[in-house]
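Please keep the sequence and the structure in view while reading.

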Amino acid sequence: MDDKFTLYNLKVEVVSTDIPMVCRHKEGDYFLVIGEDLIFPENNSFSMYALSAILPLLPAKQRPLHANDWMLSDSVIACPDPNCGAKFKISRIGTQEFSHADCTIEPIQKGDKQ
Ligand SMILES: [Zn+2]
């Protein structure tokens with residue numbers, strides 16, 4: 001039985017604004033999201049406080065969304081420090097196929113049963 005599903009790969013990148021950054025963000029710093037993994041390139045750091053603001057959005061951004069869903073249109077997240085001008089842009093950068101059985105031992109649900 002085919003148990004494949006597809007997720008978007010994501011790139012989360014620091015972007016600057018006209019307000020100075022007060023945290024240690026650097027424009028262009030980024031991490032990737034592939035499946036359940038966060039991938040940080042070498043020579044890159046990322047604020048755990050900023051990460052805490054971004055994390056709830058990532059599983060939704062990985063999945064197809066309704067055209068009217070605000071989670072589809074809104075892709076720039078502000079730093080949780082109210083004095084920091086950094087923003088974090090979430091971009092879809094392609095897709096990757098995964099196997100249900102490689103992700104969970106729970107059986108595949110048929111229909112809309114939850
Ligand atoms: Zn900040």
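## A pair across two strands

V12 stands opposite F31 in β2. Four bridges join strand β1, residues 4–15, to strand β2, residues 30–34, and these two run antiparallel. Strands here are DSSP runs of E of at least two residues, helices are runs of H or I of at least four residues, and both are numbered from the N terminus; two strands count as paired if DSSP finds at least two bridges between them.

## Basis of the model

This is a predicted model, in which local features need pLDDT of at least 70 and side-chain atom pairs count only at pLDDT 80 or more, while totals for chains, interfaces and linings use all residues. Residues are numbered from 1 along each chain as its sequence is written.

## The sheet

Five strands make up an open sheet with antiparallel pairing, in the order β3-β2-β1-β5-β4. Because β3 (37–39) and β4 (76–78) stand at the edges with a single partner strand each, one side of each has no neighbour in the sheet. The twist from one strand to the next averages 25°, where axes are lines fitted to C-alpha atoms (for helices over the stretch in contact) and angles run from 0 to 180 degrees between N-to-C directions.

Eleven bridges connect β1 to the antiparallel strand β5, residues 87–99, and E13 stands opposite K89 in β5. K89 is also the bridge partner of V76, and β4 is joined to β5 by three bridges, again in antiparallel fashion.

## An edge-strand residue

I77 lies in strand β4. With 17 other C-beta atoms within 10 Å, I77 is partly exposed, given that 20 or more such atoms make a residue buried, 12 or fewer make it exposed, and C-beta atoms are placed from the backbone. Leaving out residues up to four places away in sequence, I77 touches A53, I54, L57, K87, F88 and I90, a contact being a pair of C-beta atoms, placed from the backbone, within 7 Å.

## The nonpolar core

The largest nonpolar core has twelve residues, among them V12, F31, I54, F88 and I90; such a core is a set of buried Ala, Val, Leu, Ile, Met, Phe, Trp, Tyr and Cys residues joined through C-beta atoms within 7 Å. At least two residues of this core come from each of β1, β2, α1 (48–54) and β5, and β1 gives the most, with three residues.

C79 and C84 also belong to this core. C84 touches M21, V22, C23 and C79, not counting residues up to four places away in sequence.

Terms used:
Two residues are in contact if their C-beta atoms, placed from the backbone, lie within 7 Å.
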